[in-house]
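Student: I'd like to learn how to read a fold like this one step by step. Could you walk me through it?

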Amino acid sequence: MKKTGILQFPGSNCDGDVFKALKSFSLKPVTEQIVYKNTVTAFQDACWPELLKSSDTIEIKNYKAFIVPGGFSYGDYLRAGALARFSPAMKDLIRAGQKGWPILGICNGFQILCESGLLEGALLPNKQGRFLDEWSDLKLENQNAFWPSLSGEIKLPIAHGEGSYYIPQDQLNKLRDNSQVWISYQNNPNGSVENIAGVMNKKGNVAGLMPHPERAVADWMGGTDGLSFFQNLC
């Protein structure tokens with residue numbers, strides 16, 4: 001079974017959370033067999049998450065999808081995601097995105113996908129000029145065939161200092177016309193243009209959002225709406 005690759009950059013801090021979110025789907029009973037008169041259940045590793053370093057060369061054919069997690073890649077020097085875009089792994093990821101592989105960027109991962117040109121627009125400093133760490137009510141704007149489990153209203157946490165989505169008006173019009181606006185804020189926390197929280201490319205295989213689904217996969221976290229972002233990969 002092909003794996004889901006999770007990119008790691010110097011400064012990534014949500015790669016472990018994404019790994020655990022995918023692993024939560026992994027132990028699924030598939031068959032039963034008799035071993036020395038004892039019935040045991042065999043399990044398959046359904047998601048096969050694998051951590052990939054930014055310095056790695058990625059053989060994209062060995063993976064079914066990729067996730068670029070949140071954090072502070074390269075310390076967010078210059079601007080968030082600007083340096084990560086030039087890492088060896090991203091060169092392969094850009095090629096994977098262009099060839100149709102599903103790629104999900106979360107928070108800093110969204111910033112990196114925008115910096116790399118896989119997604120349109122840019123993420124600017126929050127209008128308040130400070131870091132935001134809170135739960136946010138969201139709404140699905142357009143369905144995505146690669147993440148079909150999402151529907152209606154969603155509640156996820158945000159944690160960012162540069163999360164205000166910006167795109168020039170003419171490009172925004174095209175984004176709307178092509179149904180590329182994926183998710184929006186119901187109460188815009190950071191000044192994003194037209195409340196945009198996440199977008200996708202024209203094919204829909206590359207998608208990014210500022211909120212953190214990996215931090216909403218269990219009741220003890222405060223909610224489970226994030227599960228829908230990972231279950232399609234299993």
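Predicted model: local features only at pLDDT ≥ 70, side-chain atom pairs only at ≥ 80, totals over all residues.

Student: What is the order of the strands in the open sheet?

Tutor: Reading across, the nine strands run β4-β1-β5-β6-β13-β12-β11-β8-β9, and their pairing is mixed. β4 (49-53) and β9 (153-160) are the edge strands; each has a single partner, so one side of each lacks a neighbour in the sheet. From one strand to the next, the twist averages 25 degrees.

Student: How do I read the pairing around β12, and how many bridges join β12 to β13?

Tutor: β12 and β13 run antiparallel and are joined by three bridges, with Val-199 having Gly-208 in β13 as its bridge partner. Five residues lie between the strands of this hairpin, where Gly-204 takes a positive phi near 90 degrees. Turning to the pair β11 (residues 181-185) and β12 (residues 196-200), you again find an antiparallel arrangement over three bridges. There, Ile-183 stands opposite Gly-198 in β12.

Student: Why is β12 described as largely enclosed?

Tutor: Buried here means under 20% relative accessible area. Five of the five residues of β12 are buried, so the rest of the structure largely encloses this strand.

Student: Which strands does helix α3 touch?

Tutor: α3 packs on the sheet against β5, β6, β12 and β13 (206-209), and its direction makes about 120 degrees with that of β6. Eight of the nine residues of α3 (residues 108-116) are buried, so this helix too is largely enclosed by the rest of the structure. Among the buried ones are Phe-110, Ile-112 and Leu-113.

Student: What is Glu-50 in contact with, leaving aside its neighbours within four places in sequence?

Tutor: The contacts of Glu-50 are Lys-3, Thr-4, Gly-5, Ile-6, Phe-19 and Tyr-63. Take Thr-4 as a case: it is 46 residues from Glu-50 in sequence, yet the C-alpha to C-alpha distance is 6.2 Å.

Methods:
Residues numbered from 1 in each chain as written. Heavy atoms only, no water. Buried < 20%, exposed > 50% of the residue type's maximum accessible area, 1.4 Å probe, protein only. Helix = DSSP H or I, 4+ residues; strand = E, 2+ residues; numbered from the N terminus. Pairing = 2+ DSSP bridges. Axes fitted to C-alpha atoms, helices over the stretch in contact; angles between N-to-C directions. Contact = heavy atoms within 4.5 Å.
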